[in-house]
Amino acid sequence: ELRVAAHRTLCEAVIALDVSQLEVAIEAAQAAGVDADQVEQARETLKGRVQSTARQCLEDALKTRSVAQLQEAISKGRDAGLEDTELASAMTALEEESKKAAARSRLLEAQANAS
């Protein structure tokens, strides 16, 4: 009974692709003794969803070129297990935008000192 309910919850979470729901359902299914292959499939689905979300964050950050957003997206990408090749463009953009921000800061400082 508990195993059946845990399996149903696991399947619903996989279909919904809800990360937090999937995490909870995987733990419950494992504790209830749901078939290990089914739990592993759910884990793979979770990993894919997390990676997909991380990729979307990288794309969004590249559009805005915000230093903070790029840093966060790169961090999420690493946490999600993305390869360095997938992070490379965001890392390059972060380096470029950080240099621009530093140059703007020095320019403003020079202007303030000149006044």
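## Contact between α3 and α5

Arg-55, Leu-58 and Leu-62 in α3 meet Glu-86, Leu-87, Ser-89, Ala-90 and Ala-93 in α5; contact means heavy atoms within 4.5 Å. The residues of this contact divide into 5 nonpolar, 1 polar and 2 charged. Here Ala, Val, Leu, Ile, Met, Phe, Trp, Tyr, Cys and Pro count as nonpolar, Asp, Glu, Lys and Arg as charged, and the others, Gly among them, as polar.

The model is predicted: local features need pLDDT of at least 70, side-chain atom pairs count only at pLDDT 80 or more, and totals for chains, interfaces and linings use all residues. Numbering starts from 1 along each chain as its sequence is written, and side-chain values use heavy atoms, with hydrogens and water left out.

## Packing geometry

Helix α3 covers residues 36-64 and helix α5 residues 84-114. Helices are DSSP runs (H or I, at least four residues), numbered from the N terminus. The two pack at an angle of about 30°, with axes 10 Å apart. Axes are lines fitted to C-alpha atoms over the stretch in contact, and angles run from 0 to 180 degrees between N-to-C directions. α3 and α5 are therefore roughly parallel (angles under 35 degrees).

## Helix α3

At 1.5 Å a residue, the 29 residues of α3 should span 42 Å, and its end C-alpha atoms are 42 Å apart, which agrees. The expected span is 1.5 Å times one less than the number of residues. After α3 comes Arg-65, with a positive phi near 60°.

Buried residues of α3 include Val-39, Leu-46, Gln-51 and Leu-58 (under 20% relative accessible area, 1.4 Å probe, protein chains only). Gln-51 has a relative accessible area of 13%. Leaving aside neighbours within four places in sequence, Gln-51 is in contact with Ala-80, Gly-81 and Leu-82.

Key. Parallel < 35°, antiparallel > 145°, perpendicular 65-115°, else oblique. Buried < 20%, exposed > 50% of the residue type's maximum accessible area, 1.4 Å probe, protein only.
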